[in-house]
Amino acid sequence: MHDIQPSLPGFENVSLEDSYVLDIAVHPGVLTISLDLLLLPRHPRYRAPLPGERACFRLATVVFASVRSLYWTGQSVVKAATDASGSVDYGSVDALIMLEDGYKILGDWGEIIVQSEAPSMSIDPAHTD
């Protein structure tokens with residue numbers, strides 16, 4: 001399933017389904033998803049991949065603020081993958097679906113249903129050109 005909401009402000013010209021989830025953190029009132037985010041050519045921070053890179057990736061964070069409720073299933077099956085360089089990730093975001101009163105986020109790490117403000121995305125400025 002690949003159902004990503006491109007209409008969310010700040011989520012244009014990125015590919016969540018081809019990005020890597022590095023961490024998911026839940027704190028009172030906030031859900032944070034850290035990503036190695038794939039930028040598409042039309043993104044303002046895109047640059048051509050360097051030799052040895054397969055695409056343009058940047059560290060990024062997706063924040064769901066003002067969380068009113070959160071339900072996360074499938075955590076018991078979460079297993080981190082380690083690539084040849086030793087980097088660890090938890091798969092991708094397979095779906096980000098806008099619900100009537102919140103959002104559903106799906107991936108190898110389970111399913112999260114969150115009632116919150118619209119998510120925001122920020123790209124780490126230390127890892128851009």
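The model is predicted, so to speak of local features takes a pLDDT of at least 70, side-chain atom pairs count only at pLDDT 80 or more, and totals for chains, interfaces and linings use all residues. Residue numbers start from 1 along each chain as its sequence is written, and side-chain values use heavy atoms, with hydrogens and water left out.

**The cavity**

- The count comes to 1 cavity of 30 Å³ or more. A cavity here is a set of points, on a 1 Å grid over the protein atoms alone, where a 1.4 Å probe fits but cannot get out.
- The largest cavity has a volume of about 40 Å³; volume is the space filled by probe spheres set on the points, with grid points joined across faces, edges and corners.
- Who lines the largest cavity? Leu 16, Ile 33, Leu 35, Val 62, Phe 64, Val 93, Leu 96 and Ile 105 do, lining residues being those with an atom within 4 Å of a point.
- Strands E3 (30-39), E4 (57-65) and E8 (93-98) are the elements that give two or more residues to that lining. Strands are DSSP runs of E, at least two residues, numbered from the N terminus.
- The lining splits into 8 nonpolar, no polar and no charged residues. Nonpolar covers Ala, Val, Leu, Ile, Met, Phe, Trp, Tyr, Cys and Pro; charged covers Asp, Glu, Lys and Arg; the others, Gly among them, are polar.

**Asp 18**

- Asp 18 sits in strand E2 (residues 14-27).
- Asp 18 is partly exposed, at a relative accessible area of 40%. On this scale buried is under 20%, exposed is over 50% and partly exposed is in between (1.4 Å probe, protein chains only).
- Leaving aside residues up to four places away in sequence, Asp 18 touches Leu 38, Arg 54 and Phe 57 (contact means heavy atoms within 4.5 Å).
- The Asp 18 side chain also makes a polar contact with the side chain of Ser 15 (2.8 Å). That term means a pair of N or O atoms within 3.5 Å; within protein, one must be able to donate a hydrogen and the other to accept it, and residues adjacent in sequence count only if both atoms are side-chain atoms.
- Asp 18 and Ser 92 are 74 residues apart in sequence, yet 6.4 Å apart in space, C-alpha to C-alpha.

**Positive phi in loops**

- Asn 13 has a phi near 60 degrees, a positive value in a non-glycine residue. Asn 13 lies in the loop between strand E1 (3-4) and E2, and is partly exposed at 29% relative accessibility.
- Ser 66 isn't a glycine either, but has a positive phi of about 55 degrees. Ser 66 is in the loop between E4 and strand E5 (69-73), and is partly exposed at 36% relative accessibility.

Conventions: On a 1 Å grid over the protein atoms alone, a cavity is a set of points where a 1.4 Å probe fits but cannot get out, and a pocket is an open set with protein on both sides within 12 Å along at least five of seven lines; lining residues have an atom within 4 Å of a point. Helices (H or I, at least four residues) and strands (E, at least two) are DSSP runs, numbered from the N terminus.
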